[in-house]
Amino acid sequence: MPKPIYVLSGPNLNLLGSREPDIYGHQTLDDVRALCEARAAALGHAIVFRQSNHEGELVDWIQEAREAACALVLNPAAYGHTSIAILDALKMLNVPVVECHLSNPAARESFRRKTYVSLAATGVVSGFGANSYVLAVEAAAGLAHSS
Ligand code: DQA
C-alpha cells in the first residue's frame, strides 16, 4: 500500500452543508470525506482527511505530509487568499500538491481571484462542488504514481 493522500481543508469548511449552501452545496464535510475515501480506495490509496480553522495547525499538517503522504489535496479556504505561512510550508513539500475549491473563486469577488497556494500547486480543481475533491484526489493519485 502506498503512503496515503492527505486531504486537508481550511477554515469554515467544518460547516459545509449549512454554510452558504447556494455557493458550497448541501453536502457535509463527512459526505465529502466518504466520497474521497471511496475514490481513493478504488485507486488503491488510503486518505488522511482533516479540517482545521487554524492556520498554524494546517502548517503543522503540511509539514507532517513531507514524510507521511504521497500527495496532498488542499482546500485552503480563505487562507489560500492570505497565508504566506501556508505557501512557505507547501514549498518545502516534496510531494505533488493539488489545490481544490468547491466554488470557482475566479468567478466571485475580486479578492478571491488570487491564491498563494496556486504558486506551489501542480494544478487546481474548482467549481464542481463536492466533486472538486473527488477530481482532486484522482489527480493527486495520478501525480503520485508518476512521481
Ligand atoms: C473556498 C473558496 C474560498 O474563497 C473561500 O474563502 C472558502 C471556500 C471553496 O472551497 O470554494 O472558504 O475555498
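Begin with the lining of the largest cavity: its residues divide into six nonpolar, four polar and three charged. The model is predicted. To find the spot, select Y24, A77, H101, R108 and R112, which lie nearest the centre of this cavity among the 13 residues that line it.

Next, select residues 55–68, which form helix 3, and residues 84–91, which form helix 4. Two packed helices are described by the angle between their axes and the distance between the axes. Here the angle is about 5° and the axes are 9 Å apart. Angles under 35 degrees count as roughly parallel, so helix 3 is roughly parallel to helix 4. Now show side chains at the contact. From helix 3, pick E55, L58, V59 and I62; they meet A85, I86, A89 and L90 of helix 4. By class, this contact has seven nonpolar residues, one charged residue and no polar ones.

Last stop: the aromatic rings. The structure holds one aromatic pair. Select F49 and Y133, whose ring centres are 6.3 Å apart. Their planes stand at 40°, so the pair is tilted. Where do the two residues lie? F49 is in strand 2 (residues 47–51) and Y133 is in helix 5 (residues 130–146), so the pair ties together parts that are 84 residues apart in sequence.

Terms used
Residues numbered from 1 in each chain as written. Predicted model: local features only at pLDDT ≥ 70, side-chain atom pairs only at ≥ 80, totals over all residues. Heavy atoms only, no water. 1 Å grid on protein atoms, 1.4 Å probe; cavity = no way out; pocket = protein on both sides within 12 Å on 5 of 7 lines; lining within 4 Å. Nonpolar A, V, L, I, M, F, W, Y, C, P; charged D, E, K, R; others polar. Axes fitted to C-alpha atoms, helices over the stretch in contact; angles between N-to-C directions. Helix = DSSP H or I, 4+ residues; strand = E, 2+ residues; numbered from the N terminus. Parallel < 35°, antiparallel > 145°, perpendicular 65-115°, else oblique. Contact = heavy atoms within 4.5 Å. Phe/Tyr/Trp six-rings, centres within 6.5 Å; stacked < 30°, edge-to-face > 60°.
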